[in-house]
Amino acid sequence: RMAAVDRPIFIVGCPRSGTGILNQMLRLHPSIAWVTPFSNWVCGKRWFRHVSPPLAWKLESVIHRIPDGLLPTFLQGPYDGSLELASVHETHEGQSIWRRVFSAPRNHLATEQDATPEIRSYLRDVVKWHLQYHEGSRFLWKTPRNVLRLRFLRALFPQAYVIHLIRDGRAVTNSILKRRLADHGNLDQWWGVRPPGWETM
């Protein structure tokens, strides 16, 4: 039987504002359940409800005995050992899960009108699945895009807590520039959260 959903916690903020580090720290609490690279992959599938969460956790524990460099990309987290934590504790923004909810969106805005019965059922089951996966009592999810989905999240989880992390804009801009140059070597394409009208900005 799936656990009940008790006041899930959502971390939002501008990309590179520290949301990832905060997520990594909070999910170390023994009561917290969170999205991992492996659970993101599983819950992004139509058949995820038929996968036993405890069995999936045992499988992930075995997978992460493999050296990080040999893991497939979809099983790697954003930090890849930089925090000196076991890779089995990596977090993930759950993009496979969100792609099932919003297929090919023009922007990342969502409101209560997007919370259809099917989407409500899917996301609540995803949260409950993770509570069993980690044997936790509170669910934690970090996704900067959700800063444009607060009304949507409130419609699904009225008792949810939202942590909006704010960092000095100059530091955020510097971090974004460093990250983009390291990843792509150019600044010609849009990167990050897409608000309405982003195409003309």
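Predicted model: local features only at pLDDT ≥ 70, side-chain atom pairs only at ≥ 80, totals over all residues.

User: Let's start with H5. Which of the H5 residues are buried?
Analyst: Ile-119, Tyr-122, Leu-123, Asp-125, Val-126, Val-127, Trp-129, His-130, Leu-131 and Tyr-133 are. Buried means under 20% relative accessible area, exposed over 50%, and partly exposed in between, with a 1.4 Å probe and protein chains only. Helices (H or I, at least four residues) and strands (E, at least two) are DSSP runs, numbered from the N terminus.

User: And what do the buried residues of H5 pack against?
Analyst: Strands E2 (32–34) and E3 (138–142), plus helices H2 (37–43), H3 (53–63), H4 and H6 (150–156).

User: What comes after H5?
Analyst: Glu-135 follows H5, with a positive phi near 50 degrees.

User: OK, cores. Which residues touch the most other members of the largest nonpolar core?
Analyst: Ile-97, Trp-98, Val-101, Leu-123, Trp-141 and Phe-152, out of 33 residues. H5 gives the most to this core, with eight residues. A nonpolar core here is a set of buried Ala, Val, Leu, Ile, Met, Phe, Trp, Tyr and Cys residues joined through side-chain atoms within 4.5 Å.

User: What does Trp-141 contact, leaving aside neighbours within four places in sequence?
Analyst: Its partners include Ile-9, Ile-11, His-92, Trp-98 and Leu-123, where contact means heavy atoms within 4.5 Å. There is also a second, separate core of five residues, with Ile-9, Ile-11, Ile-32 and Leu-140 among them.

User: Switching topic: which residues line the second largest pocket?
Analyst: Arg-46, Arg-49, Arg-100, Val-101, Thr-116, Glu-118, Ile-119 and Tyr-122 do. H5 gives the most to this lining, with three residues. A pocket is an open set of points on a 1 Å grid over the protein atoms alone, where a 1.4 Å probe fits, with protein on both sides within 12 Å along at least five of seven lines; lining residues have an atom within 4 Å of a point.

User: Last one: is Pro-54 buried or partly exposed?
Analyst: Pro-54, in helix H3, counts as partly exposed because its relative accessibility is 41%. The C-alpha atoms of Pro-54 and Tyr-133 are separated by 5.4 Å, though the two are 79 residues apart along the chain.

Technical notes:
Residues numbered from 1 in each chain as written. Heavy atoms only, no water.
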